[in-house]
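This briefing sets out computed features of one protein chain for use alongside the sequence and coordinates. The points are grouped by topic.

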Amino acid sequence: MTRLIYLSPVPWASFAQRPQKFVDWFHARTGSDVLWVDPYPTRLPRLADLRRPRPSQNLATQAPPPWLRVLRPLALPIEPLPGSGAINAFFWRPTLDALARFAEGHDTLVAAGKPSVLALAVLKRLKNARSLYDAMDEFPAFYNGFSRRAMARREEQLARQADTLWVTSTRLQQHWREWRPDLQFVANALDDSMMPAPRARDLQAQPKVFGYVGTIASWFDWDWVIALARARPRDVVRLIGPVFQAAPTQLPSNIEMLPGCHHAAALEAMRGFDVGLIPFLRNDLTASVDPIKFYEYRALNLPVMSTQFGEMAFRADAPGTFISAALQDIGALAESALMLDNDCAGALEFAARNGWKARFDAANLLP
């Protein structure tokens, strides 16, 4: 029976994302145990790290289930520097020994959701294990200078060495297919078990609600959101989520700011929207992003208005999807989105096709 070692890009005790959904799927399909390895610092520290708010535990995943054990490897924040692996190997010895004991005598899959020196060390230590690199971001884009170049080298090593390479976006597919023509495109998805029933929107109700649920950070396009609010002054633009990047100017009075909430509450809040928004900047950070909220909006019978970034740039012809290429087109796109007919049956079919279980099953990773 196959066991899983998952080297995660996010802590287990964080908002459930693709990594948590992957291990849930693996256990459901195999009944096997999982050893989850929380991330450690893979860049040099910055002064801004001291000012970064800690994630709210109210929004985090609950305690690990009985079949999953969480390891938190110790490491000095020196990874980009030459020789950092040799220094941190001293701190990693207990973790590597625990992984070896977990894998001993078992068919084992090592899955990495982020490049790191530790991930490469695990592949070297567990030579008989099968391996997967699930490339879900352009990780070097989150780094600067020497750290960025070091991350790019580590990612190339991991992508070459892993038995299987998954990519989550067209941009990543284009980037990696020269080195790995055998890669698989495994897009993001939604948790169909959590989705509430789609609501038939009242096409006559006023005012309309243009809504966004998610983190508001450096990738958030405030100019686009403000332009939408000014184009629809009698309607409401509702933003729900933690704010790490404040608006650059005073907001129009029809923009509502609400705090973040649990996933179930967020989905219920989406049901009150008339249009779902994905207002992200177009830059290196968003070039490979396939936003999960796109799938959730469409599964709730919502038209989607999005800026032209990442995987959304390839969805101009997708049903119910309205892609904005410039501030000047926002008013017309908003009008078109509000005219979209209800199709709750189609929304249910969309959710069934784009659930995490269906997505991972189709990849044929397990025997």
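The structure, which is a predicted model, holds 0 disulfides. In general, a disulfide is a covalent bond that links the sulfur atoms of two cysteines.

**Overall fold**

- The secondary structure of the chain consists of 11 helices and 13 strands.
- The chain is as compact as a globular protein of its length, because its radius of gyration of 21 Å is close to the 21 Å that the globule rule gives for 367 residues.
- The C-alpha trace spans about 65 × 45 × 40 Å along its principal axes.
- Of the 367 residues in the chain, 52% are buried.
- Among contacts with a separation of 6 or more, 71% are made by residues 24 or more positions apart.

- The largest cavity holds about 100 Å³ of space.
- This cavity is lined by 13 residues, of which Leu7, Ser8, Pro39, Tyr40 and Ser116 are the closest to its centre.
- By residue class, the lining of the largest cavity comprises 8 nonpolar, 3 polar and 2 charged residues.

- Arginine 29 belongs to helix H1, which covers residues 18-30.
- With a relative accessibility of 43%, arginine 29 is classed as partly exposed, because this value lies between 20% and 50%.
- When residues up to four places away in sequence are not counted, arginine 29 touches Lys357, Asp361 and Leu366.
- Arginine 29 and glycine 276 are 247 residues apart along the chain, and their C-alpha atoms are separated by 33 Å.
- Threonine 170 is located in helix H5, which covers residues 170-176.
- Threonine 170 counts as buried, because its relative accessibility of 14% is under 20%.
- The contacts of threonine 170, not counting residues up to four places away in sequence, are with Phe185, Glu311 and Phe314.

**Backbone geometry**

- As a general rule, most residues other than glycine have a negative phi, and most peptide bonds are trans.
- The peptide bond that joins glutamine 206 and proline 207 is cis, with omega of about -5°.
- Proline 207 sits in the loop between strand E7 (184-185) and strand E8 (209-213).
- Asparagine 301 is not a glycine, yet it has a positive phi of about 70°.
- The loop between helix H8 (292-299) and strand E12 (304-307) contains asparagine 301.
- Asparagine 301 counts as buried, because its relative accessible area of 3% is under 20%.
- Asparagine 364 likewise is not a glycine but has a positive phi, of about 55°.
- The position of asparagine 364 is in the segment after helix H11 (356-362).
- Asparagine 364 is exposed, because its relative accessible area of 65% is over 50%.

Technical notes: Residues are numbered from 1 along each chain as its sequence is written. This is a predicted model: local features need pLDDT of at least 70, side-chain atom pairs count only at pLDDT 80 or more; totals for chains, interfaces and linings use all residues. Side-chain values use heavy atoms; hydrogens and water are left out. On a 1 Å grid over the protein atoms alone, a cavity is a set of points where a 1.4 Å probe fits but cannot get out, and a pocket is an open set with protein on both sides within 12 Å along at least five of seven lines; lining residues have an atom within 4 Å of a point. Grid points are joined across faces, edges and corners, and a volume is the space filled by probe spheres set on the points. Ala, Val, Leu, Ile, Met, Phe, Trp, Tyr, Cys and Pro count as nonpolar, Asp, Glu, Lys and Arg as charged, and the others, Gly among them, as polar. A disulfide is a pair of cysteine sulfur atoms within 2.5 Å. Helices (H or I, at least four residues) and strands (E, at least two) are DSSP runs, numbered from the N terminus. The radius of gyration is taken over C-alpha atoms; the globule rule is 2.2 Å times the number of residues to the power 0.38. Buried means under 20% relative accessible area, exposed over 50%, partly exposed in between (1.4 Å probe, protein chains only). Contact means heavy atoms within 4.5 Å.
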